[in-house]
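Reader: Please take one part of this model, the interface between the chains, and go through it closely. I would like the cut-offs stated along with the values.

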Protein chains: 2
Amino acid sequence: MNVLRNPSGEELENALRRPVKKLKNIKKIVKPILKNVKAKGDRALFKYCMEYDHVQLTHLVVTKKEIDNANKQVKDDLKQAIITAKKNIEKFHLAQQTEELVVETSPGIICKRKSVPIERVGLYIPGGTAPLFSTVLMLAIPAKIAGCRELVLCTPPNKKGKIHPAILYSANLVGIDKILKVGGAQAIAALAYGTESVPKVYKIFGPGNQYVTAAKQIVAEKGTAIDLPAGPSEVAVYADETANPDFIATDLLSQAEHGADSQVILVTTKESIVKETLKSIDKHLVDLPRRKIAEKALEESVAFIVKNESQAISILNNYAAEHLILAVKNPEAVAEKIINAGSIFLGNYSPESAGDYASGTNHTLPTNRAALAYSGVSVDSYVKKITYQRLSEDGLRSLGPSVEKMAEAEGLMAHKLAISVRLKYLNK
Amino acid sequence: MNVLRNPSGEELENALRRPVKKLKNIKKIVKPILKNVKAKGDRALFKYCMEYDHVQLTHLVVTKKEIDNANKQVKDDLKQAIITAKKNIEKFHLAQQTEELVVETSPGIICKRKSVPIERVGLYIPGGTAPLFSTVLMLAIPAKIAGCRELVLCTPPNKKGKIHPAILYSANLVGIDKILKVGGAQAIAALAYGTESVPKVYKIFGPGNQYVTAAKQIVAEKGTAIDLPAGPSEVAVYADETANPDFIATDLLSQAEHGADSQVILVTTKESIVKETLKSIDKHLVDLPRRKIAEKALEESVAFIVKNESQAISILNNYAAEHLILAVKNPEAVAEKIINAGSIFLGNYSPESAGDYASGTNHTLPTNRAALAYSGVSVDSYVKKITYQRLSEDGLRSLGPSVEKMAEAEGLMAHKLAISVRLKYLNK
């Protein structure tokens with residue numbers, strides 16, 4: 001971890017910049033995959049599964065029997081933990097539902113807005129070393145609360161053609177309609193275009209490697225909505241003298257273990273906090289199974305020693321962290337000054353991992369400074385807010401002349417005419 | 001206008017498909033413009049202004065004097081109409097504000113969500129034949145309500161270096177912070193990267209030609225958020241025997257006059273409605289100043305004669321219109337069955353132009369089937385919803401073991417460790 005004292009200007013900008021991933025070459029690899037899935041459907045999916053997942057599948061859709069087996073394999077204490085997490089996530093996301101809005105903007109003019117679920121959504125869960133069943137909860141629970149009619153989940157099988165039982169257990173628990181053994185860019189293509197086995201969806205959610213990310217970008221440009229622009233996960237910790245270096249160290253490590261490209265930064269006014277945190281990191285690194293990954297991520301990471309709180313806040317707002325931990329005396333007061341962040345963890349007993357799994361907030365959050373303009377996944381992400389308006393005869397009589405005037409000034413005479421023919425009819 | 005009876009399958013799909021615009025070649029033209037603005041700032045903007053708008057400007061920022069002059073030039077009755085529209089738009093968008101959400105998901109675990117304004121936003125208003133001051137209202141009013149700190153408006157000057165007075169009047173009325181005489185792809189570049197005169201913003205809103213659209217797509221991929229994927233404007237009218245053919249005709253025409261690529265469709269169970277509407281269109285076309293544009297748009301447009309309401313609803317949900325007019329006996333009941341649309345106009349006295357200008361709903365809406373997954377512009381578009389969580393000692397004690405269990409099952413041991421060190425500390 002690099003240490004910077006009172007950085008400013010270019011030095012600060014460079015320290016806060018995330019490593020840029022060029023997707024151009026990746027897109028060249030991904031485009032033929034998308035085309036092929038579009039043209040050949042399931043046949044292409046079986047072929048890519050053989051090629052990339054090294055297994056010859058006989059069917060893509062996970063069967064009821066497979067789910068039943070998975071349910072038996074997951075141990076009771078893990079099931080109980082998942083159920084606890086589900087309950088908290090549900091409680092927080094249920095509160096995000098919105099009532100129909102009805103406003104009489106002027107006499108006789110009623111304007112309304114209503115949340116209507118996106119009919120079909122696709123959830124992508126990556127394979128690889130960590131079976132992200134927690135992401136199944138985070139993506140499916142708000143979708144169910146929103147009322148989406150069909151939830152389709154794609155995830156790659158292992159070499160034996162199987163999916164991790166905790167993923168199947170969680171998917172079944174939250175009511176996924178269809179689970180498919182399809183991974184990578186080909187899964188994104190299948191969700192965007194539809195195949196014999198995979199229903200075409202209107203919005204695709206979920207993390208993935210750079211092939212998945214590139215595929216999501218391409219289908220998004222062509223009209224399938226996606227959840228968020230993707231980037232490596234990241235955490236910023238702001239610590240004052242009340243912080244506990246062991247807590248900070250393990251928080252930084254829990255982000256660093258995600259991937260070698262993960263970003264972690266520490267901002268503090270106390271030089272001693274940095275020293276002790278670095279010492280604690282070294283101590284805790286030793287026994288970590290993902291030590292190598294974490295070490296790589298820490299090489300690119302920075303601890304900032306700043307003069308005062310206002311300098312700290314300025315750095316944090318500039319960085320716009322996906323996760324921001326405020327390990328300070330009065331975290332609520334500091335949080336008031338934060339304008340850019342995905343999710344904020346208040347105080348010494350709110351580690352990021354609590355929110356990653358079970359506190360109730362969503363863990364699908366804006367990375368790579370997207371928090372400047374984007375929100376994390378919520379029930380909002382699964383609905384469209386349709387507006388409505390109804391003018392009464394009197395409403396049209398009173399508003400009509402204003403509309404005619406404005407339409408005329410914009411040179412759009414048919415717009416004016418649509419009012420005029422009605423006013424004429426009413427005055428007959 | 002083409003007429004189709006009970007279409008299904010491929011015939012229906014083809015009829016509902018929007019003309020695809022290939023932006024690939026446009027992007028090749030736009031990319032060097034973006035690069036140039038990024039590298040040379042204002043100097044590039046002055047150069048492009050000379051090249052595309054045919055005027056040598058001495059300054060890019062509109063002065064107070066120019067605004068004062070514009071205020072004098074706009075006639076009082078137009079001012080009054082704009083103020084009426086502003087009042088309605090404000091009233092509807094004020095109701096969209098959200099309170100902070102606070103949920104205790106489990107004892108000792110508080111989760112919160114709060115809307116925080118995007119700090120700086122850019123609004124693009126196109127030049128061309130129609131001075132879209134109504135779009136200034138639609139984009140700026142929700143931004144002000146959201147609390148955005150800086151609103152930057154770019155719009156191209158005419159050959160005399162001037163901006164239409166109604167645009168300046170409206171921009172000043174709604175409290176735009178900075179108005180710049182910059183148009184086209186170069187304006188999008190300036191807003192995304194910042195120049196000496198143009199502040200860098202985090203999200204760009206507003207319509208534009210294909211160069212603007214391509215530029216927005218490119219900067220969006222690189223991290224500047226944009227309002228919506230762009231497409232030509234469109235309306236669908238669903239009419240039963242209670243509809244008035246003159247109303248339908250002028251509604252269709254008011255969409256058709258937007259551009260030669262505008263889309264209008266009519267769906268009805270009554271053959272006679274189609275006949276009379278076509279007759280009325282011919283009658284009203286004659287005197288329209290934008291007749292040629294409207295005629296071109298109508299060539300590509302379709303009237304569907306269907307068997308019953310359920311066939312109509314199915315077509316309308318498949319089409320997912322930006323604007324949907326329900327000119328039927330019980331529009332509210334029909335609206336309940338619509339799951340895909342941008343904004344819905346209920347009944348015979350709710351023409352699209354009312355919503356385009358002054359009823360209170362926003363006119364920046366999803367086109368080209370984006371209504372399957374996107375909402376129109378609202379106060380939501382100008383905020384990020386940041387989540388917060390605070391665990392008390394007891395909250396962590398009770399939730400911690402579940403988090404440890406899940407983290408372990410995902411193989412993320414540092415995530416577990418961040419809990420364990422805290423629990424150990426608490427149990428000391």
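**The interface of chain A and chain B**

Author: In chain A, the domain assignment gives domain 1 (2-20 + 232-360), domain 2 (23-100 + 115-228) and domain 3 (392-426); such bounds come from an automatic or database domain assignment. The C-alpha centres of domain 2 and domain 3 of chain A are 49 Å apart. This is a predicted model, in which local features need pLDDT of at least 70 and side-chain atom pairs count only at pLDDT 80 or more, while totals for chains, interfaces and linings use all residues. Residues are numbered from 1 along each chain as its sequence is written, chains are lettered from A and ligands numbered from 1 in the order in which they are written, and side-chain values use heavy atoms, with hydrogens and water left out.

Now the interface itself. Contact, meaning heavy atoms within 4.5 Å, involves 116 residues of chain A and 116 residues of chain B. The buried area between the two chains is about 10500 Å², with 60% of it from carbon and sulfur atoms; this is the accessible area (1.4 Å probe) that two parts lose on being put together, summed over both.

Side chains of opposite charge can pair when their charged atoms come close. A salt bridge is taken as a side-chain nitrogen of Lys or Arg within 4 Å of a carboxyl oxygen of Asp or Glu. The structure holds 42 salt bridges over all chains, and across the interface of chain A and chain B the rule finds 14. One of the salt bridges links D380(A) to K385(B), with the closest N and O atoms 2.8 Å apart. That pair crosses between chains, from the loop between α15 (352-357) and β14 of chain A to strand β14 (residues 383-391) of chain B; helices (H or I, at least four residues) and strands (E, at least two) are DSSP runs, numbered from the N terminus. D77(B) and K405(A) form another salt bridge, their closest N and O atoms being 2.9 Å apart. On the side of chain A that touches chain B, helix α17 (residues 413-427) gives the most, with 10 residues. By class, that side has 59 nonpolar residues (Ala, Val, Leu, Ile, Met, Phe, Trp, Tyr, Cys and Pro), 26 charged residues (Asp, Glu, Lys and Arg) and 31 polar residues (the others, Gly among them).

Strands also pair between the chains. Strand β14 (residues 383-391) of chain A and strand β13 (residues 343-346) of chain B run parallel over 3 bridges, where pairing requires that DSSP finds at least two bridges. Within this pairing, Y388(A) has I344(B) as its bridge partner in β13(B).
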